[in-house]
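Open the model in your viewer and keep the selection panel at hand. We will go stop by stop.

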Protein chains: 6
Amino acid sequence: MNDQRPDLRPTDGFDVPRFSDVATFMRLPRVTTLEHVDVGLFGVPLDLGSGFRMGSREGPAAVREASRTARVENPTSGVRPFDLVNAADVGDAPVHPMKLDASVESIQRFVENLHEHDVWPLAIGGDHTITLPILRALGKARPLGLLHFDAHLDSWDVLYDTTVNNGTFVRRSLEEGLIDPTRVVQIGQRVWSGGEGNDLEFAHNAGFTVITYDRFEEMGRAAVIDETRRVLGDEPVYITYDIDALDPSEAPGCAGRAPGGLSVRDSQMILRGLTGLNVIGGDVNEVSPWLDPAGITQVAAACLAFEILCLMSTARAKASD
Amino acid sequence: MNDQRPDLRPTDGFDVPRFSDVATFMRLPRVTTLEHVDVGLFGVPLDLGSGFRMGSREGPAAVREASRTARVENPTSGVRPFDLVNAADVGDAPVHPMKLDASVESIQRFVENLHEHDVWPLAIGGDHTITLPILRALGKARPLGLLHFDAHLDSWDVLYDTTVNNGTFVRRSLEEGLIDPTRVVQIGQRVWSGGEGNDLEFAHNAGFTVITYDRFEEMGRAAVIDETRRVLGDEPVYITYDIDALDPSEAPGCAGRAPGGLSVRDSQMILRGLTGLNVIGGDVNEVSPWLDPAGITQVAAACLAFEILCLMSTARAKASD
Amino acid sequence: MNDQRPDLRPTDGFDVPRFSDVATFMRLPRVTTLEHVDVGLFGVPLDLGSGFRMGSREGPAAVREASRTARVENPTSGVRPFDLVNAADVGDAPVHPMKLDASVESIQRFVENLHEHDVWPLAIGGDHTITLPILRALGKARPLGLLHFDAHLDSWDVLYDTTVNNGTFVRRSLEEGLIDPTRVVQIGQRVWSGGEGNDLEFAHNAGFTVITYDRFEEMGRAAVIDETRRVLGDEPVYITYDIDALDPSEAPGCAGRAPGGLSVRDSQMILRGLTGLNVIGGDVNEVSPWLDPAGITQVAAACLAFEILCLMSTARAKASD
Amino acid sequence: MNDQRPDLRPTDGFDVPRFSDVATFMRLPRVTTLEHVDVGLFGVPLDLGSGFRMGSREGPAAVREASRTARVENPTSGVRPFDLVNAADVGDAPVHPMKLDASVESIQRFVENLHEHDVWPLAIGGDHTITLPILRALGKARPLGLLHFDAHLDSWDVLYDTTVNNGTFVRRSLEEGLIDPTRVVQIGQRVWSGGEGNDLEFAHNAGFTVITYDRFEEMGRAAVIDETRRVLGDEPVYITYDIDALDPSEAPGCAGRAPGGLSVRDSQMILRGLTGLNVIGGDVNEVSPWLDPAGITQVAAACLAFEILCLMSTARAKASD
Amino acid sequence: MNDQRPDLRPTDGFDVPRFSDVATFMRLPRVTTLEHVDVGLFGVPLDLGSGFRMGSREGPAAVREASRTARVENPTSGVRPFDLVNAADVGDAPVHPMKLDASVESIQRFVENLHEHDVWPLAIGGDHTITLPILRALGKARPLGLLHFDAHLDSWDVLYDTTVNNGTFVRRSLEEGLIDPTRVVQIGQRVWSGGEGNDLEFAHNAGFTVITYDRFEEMGRAAVIDETRRVLGDEPVYITYDIDALDPSEAPGCAGRAPGGLSVRDSQMILRGLTGLNVIGGDVNEVSPWLDPAGITQVAAACLAFEILCLMSTARAKASD
Amino acid sequence: MNDQRPDLRPTDGFDVPRFSDVATFMRLPRVTTLEHVDVGLFGVPLDLGSGFRMGSREGPAAVREASRTARVENPTSGVRPFDLVNAADVGDAPVHPMKLDASVESIQRFVENLHEHDVWPLAIGGDHTITLPILRALGKARPLGLLHFDAHLDSWDVLYDTTVNNGTFVRRSLEEGLIDPTRVVQIGQRVWSGGEGNDLEFAHNAGFTVITYDRFEEMGRAAVIDETRRVLGDEPVYITYDIDALDPSEAPGCAGRAPGGLSVRDSQMILRGLTGLNVIGGDVNEVSPWLDPAGITQVAAACLAFEILCLMSTARAKASD
C-alpha cells in the first residue's frame, strides 16, 4: 500500500459497536472522491427491469444495514481484503425512478467514471438488469470472462417487447461483444422456459459452460471449481451473483424464489476455491428486503459481496505489483 | 333489475365459507364477458409511476384476498349495492411490467372498452398514476367532477423529467380538460413541497376546493360533507382514494406513509354522507401489501372500495330509471 | 381480606423483571387449587366455532405473554384490584381440539366448578363461542345482565346448520333464559347481514339496547356510559369483549377485522365509567396472535381484561362486605 | 390431445405478467365444468382435523397466490405437463367450517364427482385429514399404492377420542382397504410417540416400507428412488405430501414443524426419479400461511404440486394412449 | 444565512430519489466537523437502561432509514427549518455496548462538545436514559424548562437498585438542578405504580405540570397548548419525546406499549402550537424497530423529530438575530 | 426411579392439547421446590453481555412457548429421557435487567443452589455470557470437559474493556481452571478476527480441539463424533450450544447470524452420536425471538435442548445406578 494514500478500511468493531452510526457497505467510509480508492462498493437501486415482483431498489440500503456484521478475514482462504486494497462506499449509481433506459445509461456512465479513476467496481443491486450497463463500462476494450450465479439463464431475447431487462443481460452482453462466450460459466440454473428456441438451448449454442443445479449436484463443489477455473483462465473475469441462485430458505427476499437451489455455503466454497482468479469487478443483485421480514437475504448478500471482494482485492493487489 | 339478465352478486358467505375458492373482488364472479355488467371491478397492477417505494402492482391481488370479508349492506346508509346493480370482477387492466407509458395507454384502452359496454369502472391500483388513463377514458365528453382523497396533492408538474406518474395526475387531468376545476374536492392533504410555485399554490390557483387535513379537523365531518356536496353538485363525479390519505396506523402498507391522517371511519362517514352523489367511477390505489405483514391496509382498501361501490350503484340505479 | 388466606397477587415488577419466568395472566400465580381464589383468570383455547379464520386457540398463550406488562392500579378509576381480591391464573378450561360440542360442554363444567368454589370467572378466548357455556354455568339461577362489545351482533340463528358457534351466542343465551333482554347492552356493532329477518332486527325485537358504532359516535362516551348504567342497573352483569370491536389498527390479530371501530381508549373509558357495576364475570375473546406480528392485539386484550378485573374486584369486594 | 377439446393450460407469463389477475392454481383456468379436464387441481380448505395449530384452511388460497410463478417444464425430467394433459383449477371441495365429519363426507363426494368425470385429482390442503376422503373416493375399486411424505406416520388409532383427523389417515385407509400395505412407502418420518403399541411399530407390523429421515440419509436419494419404485410397482399410486416433511427452514408455515427434515430439493429429486410411476392422484397439505410471513412455505408447496402433476400427467398420457 | 458557511440541507428528493444512497437523519449530510452546524442530529444507540424489553439501540439506524421521506416544510406552521438553520447528521454519541454508566458519561461528553461548538442537539435514542446525560451537558448554567411526552412519569427513585436508567431521568434531573420544576410539563402519562410514595405523587409534589392522558382528553389540544406555553414561558426549553407516549397502534415498536395514548397527530398539533417556544434541544427515544415489522414506529419518530427541529430552528434563528 | 418420588414428566399431548395452559419448558411441571428433581431446566434471561444486537433476554419465554411441541422419545437414539429422570422447569435464574456483573453473580448462585440439591442444570439463554457463571458453579471441584457449538470461538480476551461478556467465556473458563483444555471441543466456528494474537490462535495454543465449519465439512459427521468422543472421554462434560452455530436459514433469530453454518440435523446427529457421554449440564443460548417472525429459531433451540437432555438423562441414570 502506498504510504501517501489514506488507508480506507472498515470502522473497527472493537472500537465502535456495530449498531452505531450511519450504515455503509461493510462499515467502509462513504467517500465523495475517488482518488485513493482501489475498489468501490456502490448501490444500484434499480428495479424497473423486473418482470415480476418489485422492491430490489431497496436492496442497497438493506445490504448496507446488514453489512454491519461484515468481517475482515476470510475464514477459509485467509484473505484479508482491507490489508490488500483501499475499499470504500462510493454511494449509489444514479437511477431514474421510473425510466429503465435512462437508468441503464446513467449506471453505465457512473461505472465508466469509476473505471477512468481506476476504481474497480463492486455493485449491490437492484435487479439483474444492472449487470449490462456495468459490463458496457468494463468490457469495451476486450470481452470479459463471466461467472454467473443464478436460478435463471438470463438469456431471453425479448421480454414484453423489451430487450434490456432482468432476464436478458447475458444475451445482450454476448451480442455486444462484452463477454467471451468461451469464458462464460453459469452456475445454479434450474428454471427455464423450455420448448424450442429456449434459453437453455441458447446458452449451449453460444458455447457457455452451464452448470445447472442438477449438474452442480452431480459434479460436486471441487469439480465445479476446477471446471470454472479451467474455463475462466487468467484473463479478467466479472462475477455476477443473482441472489435467487440461493434456495428460498436462505434468501426468501427476492422476486424469483426457486426452491431447490444453492446454499450460501456452496457459494462461499466455490468462490473461495477460485482465489487467484483475475476478478476485476462484480455484483450481487435482486435483494428485495420487504419480502423477508427476518432479513437473512441481505445478510447472505453482504457475505457474498465479501467473498467477491476477497477475490477482487487479491487480483487487484497482484495487478498493482 | 332486468329479468333476462343474470344476477351477478357475491358468493354468499352463508353458503360458501369466506376462506374458500379463488379470490375475486368482493367474492363477485370473475366474468370474461361484459354483457350483463353494470359496475366492473378491476385491478390495475401498475407501480412504475412511483417515485419512491414499489410494490403496489401486487395491490389488486391483495385486495382480492382481503375482500373475502366484504359485506352486502352499508351499516350507515343502508345501501345494498348488489340489489341495485350487477357487479363483477372483470379482471385486470393489461399493463406492461417495465414500461410506464405503454401501460398508461393500455389501461386507457381497457377502460374505454368498459365504457363502450356501458360498464362503470371501479379500479383497484396500482400506484396513483392509474387515475389519469381512467379519466382519459371517462372524461372525453365533458370534464368530470373529482373527489380526491390523498395525503398529497398530486399536482406536481414534472417529477424526474416525467410528466405522467403518481404525483401529477391532477395537473395533467386539468390541462387535458378531463376535470372541471370548479368541481374538484381534495381531502386529507398534509404533505407538499412548499416554496414558490408549489403544488398547494397550484391547487388554489386552479380553483380546487382543498380540504387539507388541518382544515378537515377544523371543519368536522358534517361541514366537509356539506361543502363537498355543494362543490360537486349533481353532475358526474369520479372518486379516487389514495390509501396514503389514511394514517399509517390504519394503512402501513403504502409507499407514502404520512402520519397524522384520516381514519377509515372518517372516510366511511364522508362517503356515506355523499349518498346520492352522481358517482360514475372510482378507484382505490397505492396499496403495497408487502409493507404490511398484518394486512390491514388491504382490508381498509376493500372497505373503501365498497363505500365507493355503494355510491356508484345508487347513481347507476338512478341513471337506469 | 381474610388474614388466614394467602395473598394472591402478581409478581412485583420491581422485584422480578417482567421478562422473567413462566408467563401467566397478569403475572399472577398459576394455582392448582381454588381454595383461596376470588377471581380466577383462565384461558379457553377454542376456535372451532369460527366461520372464517382460525387461530384464536392460541389467544390465551399470547395474552399470558402480553400481560407481562400488566399494572396494579387503574389510572382513571384508581381501582387497585389486587388490593381488593385474591386473583389467580387457574389454567385453561379443557377443550377438545377437534370437537366443538364436546368443548362447549367441558368449558361449561369447568366454569361450574369455579362457580361451586365461589370463584368469579374471567376468561380469555378463544373464539366467541366460549361465552355461551360460561353463561350456562353462571346464568342458571337467574338471567344475567350482559354488556357485549363487538363489531357484530352474534345473534344469528344458525350458521352452516350449526346453532352453537361464534356468531350465535346472544340468541342462544336469550332462548335459554341466561340473559335478561331488558338488561342487554351491545356496543360497537357495525357489521350485519341486513335484509329481512336479520340479526339487527332480532336484537331490536328482543329488546336489547344496541349502541352501534354509529350511535356510539353520535352519543359520545358519557351518554353511552349513562345509558349502559341505566339499562344494566344493580343486578349481576356479565361482560364479554370481542376484540374485533376494536378498529383493526388497534387489533389486527383477529378474524373479523372490521375497519371503523372502537379504540382501546374508548373501551377503557366506558368500562372505567362503569365502576361500581355489579360485574360477576367476563371474557375477552377472538385474539388470533399469528395475524399480528407486532403483537399489539394481545396487549390490548390484556389491558381490557384488566379493566374488567377492576370492575369485578370492586363488585366482589362489595359482595364480600 | 383431442382437437375438439379446449386446450386448458396456464396463462403464459410472457403474455400476461405473473402478478396480474385472479390467482388460480398454476395460473390455470378456473373452470366450472369438468368436461375437458384431465387433471383437476382443487383446494380443500379444511383444518378441523388438527390437534395442534390451525390455519391450513387458508392453504389453498396461499398456494394459488404462490403458484403465480409456476413453470411449464420440469428442469430435470423434462416433462411438460401442460403438453400432455388438460389441467384446470376446479375450485375448492366444499367443507363445513365447523364440522369435521360433515366436511370429510363432502370432500369425498367432491372427489367422487371428479372421478365420475374421469378427472384425476390433485388436491391442496388443508390439514392431513383430507387424504382419507380422497382415498375413499379413489380406492373403492381396488387398494391403491401410497407414497407418503411426512415428518409423522399418521397412523395413530385415536386422537382425543376421534378416529378421523390429521394423525390417523394411514391407519384408517388400511383398515378400510383403500391402500395396499405391501405398496405403501413412507418417507421422511422423524416424530413418533414411541413406547409400546406405537405408531412406528404399527407401520412396520402393517408391512409398510418406512424410510424414516434417518434411513433416508443413510440410503441416499438414488437408493430411496429404487426402493420406492420397486415397492410401488406399476399399479396405481396416490402421492400425499405433508409439508411438514420438509425442514422448518424450508417450510416454517405449518403446524408440525420438526427440525431435521427433507429439503424441497430432496423431494423434487425423488419425485423426478419416479417419472413413469402410475400416479393417479395426489395432494400437498398442511400449509398454514400465517405462520410464515415470508411465504416460502406456499412456494414450496406449489413446486411440489408441480412435481406431482408432472408424474400424473405422464401417467395420464400413457393411460390415454 | 452567512454566505461563507456551507449550506447544510437535505438531499433534494426531486434530484436524488429517496431510496438512494446512505441513510442519514432527514437525508442531511453526515458531517465530521461541527464548524458550520447550527443543529446537530445524532443517534444515541443505548438500551442498557431498560428494565423490560431491549432493542432501542437500533433506533437511530431505523430512524435514519425512515427519515428518507422527511419533508422540508411544516404543513401547519409553515416553518421551513432548513431555510433557517444549518442542520447536519453528526453521527452517534459513543456508547459502551455493555456498560450503562460509562455510556451515560460518554453521551454527556459528546453533547458537551456539541455545546462548546454552539451546536444545538437533537438526539434520537436509544432508551429514555439518554435524556439525563444530555441535560447534564445543557443544564449546567441554569435549570431548563422541560416538555416531556411519555406514557410514564420517569420519576422513580430507584429501579433494581439503579438510580440512572430509563425510569428515573426526571427525578435525577430535578435533584441535580438541571430542570426548573416550575417549568416542567409532562403530557400523556397513563401508567404509574400508584400506592404510597408513588411517582405521580412525586411529580405533583415537585410542582410539575402533569397533563395525564386523562387530563389531555378533558382539556383538549388548544388548552393544553395554552397551559404548556404559560408554564414554559420564554426561557430555554428541552423537549423529550418517549415514543411510548403514542398509542401502540401508532408505535408498536417500543418496549412500553400502553394502549390508550396520544396520536402522532395530537403530538404534531401540540408541537406546532408551540411555535416560537425557546426550544434549545430535544430528543425522541425508545424506538425498538424489531418489534414493528411494518416500521411505522420509526416513521412516527422521524416525523416528531422534524416537529422538534421546526421549533429548534425557529428559536435558533431568533437567537442568531 | 425411586418409587417414593413424584414422577415429574411432561403433560401428555394426548391428554391435554399442546396449545393449552401456561407454557413451560417441554411442558414439564414448573416446580418451586427442588426436592425430587434430577434435571432442572431453567431460563437465564440475560442479554447484557451482547456486543451487538439485543433481545436474547426474551429467549427463555420464546423457547418455553416453542417447546409445546416437545416429544418424549429420541427418534435416532431411542432415548426416552422422562423415563430415566425426573425433569422439571425450575424457573429463571435471577438477573439484574441493567447490570451485567450482578447478573453473572446471581446466575452462579442460582446454579450453585441447584448443584447443592443435586439437580443437574440445563439452561436456556440469554446471551452466551451465561455459560461462565454456570461453569463457575459446576467446575469448582475439577475442570470439566466442554463441548462448544458456535459460529465463534468466544475466546476474546477483552471486548470494549469488559472481560465477562458473550465473547469471552471460553478464555475466562480456562483461566479460572473451570475447563480442561485437553477436553475442549469446539464445533462450527467460522467467524474470527484474524491477525496476530487472534482468537483462533488462542484456541489452538490452549490445546483445544477446534472443528471449524470447514473441518466439519471435510471430516463428516461420523469422524467428528469419533474425535469428540475421544477428546471428551468419560469424565464429566458440559455442553453449550450457541444458536448462531446454525445457519441463519435455520436460526434467523439471533444476533450473530453467520451464513454457511451447521444445520439442526447436523447437530442432532452429532449429539445423538454422543449418547453415553458423561454430560452433567448444558445450555442453549442466544435466541432472540423478535428477529424471527416465523419463530423457527426457538423451535430449533427447543429441539437441541431436548438432545442435550437425552444425553444428560442417560448420564444421570447411569450415575444413579
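Some ground rules before moving on. This is a predicted model, where local features need pLDDT of at least 70, side-chain atom pairs count only at pLDDT 80 or more, and totals for chains, interfaces and linings use all residues. Residues are numbered from 1 along each chain as its sequence is written, chains are lettered from A and ligands numbered from 1 in the order in which they are written, and side-chain values use heavy atoms, leaving out hydrogens and water.

**Stop 1: helix H3 of chain B**

Select residues 100-116 of chain B. Helices (H or I, at least four residues) and strands (E, at least two) are DSSP runs, numbered from the N terminus.

Now colour the buried residues (under 20% relative accessible area; exposed is over 50%, partly exposed in between; 1.4 Å probe, protein chains only). Among them are B:Leu100, B:Val104, B:Ile107, B:Phe110 and B:Leu114. The buried residues of H3(B) pack against strands S1 (39-44), S2 (87-92) and S3 (120-125), and against helix H4 (131-138), of chain B.

**Stop 2: strand S2 of chain A**

Select residues 87-92 of chain A. Six of the six residues are buried, so S2(A) is largely enclosed by the rest of the structure. Strands pair if DSSP finds at least two bridges between them. Find A:Gly40; opposite stands A:Ala88 in S2(A).

**Stop 3: where chains A and B meet**

Show both chains. Contact means heavy atoms within 4.5 Å. The contact takes 24 residues from chain A and 24 residues from chain B. Together the chains bury about 1900 Å², 61% of it on carbon and sulfur atoms. Buried area is the accessible area (1.4 Å probe) that two parts lose on being put together, summed over both. Select A:Met54, A:Met98 and A:Trp290: they supply 35% of the area that chain A buries against chain B, more than any other three residues.

Next, the charges. A salt bridge is a side-chain nitrogen of Lys or Arg within 4 Å of a carboxyl oxygen of Asp or Glu. Four cross this interface. A:Lys99 forms one with B:Asp161, with the closest N and O atoms 2.8 Å apart.
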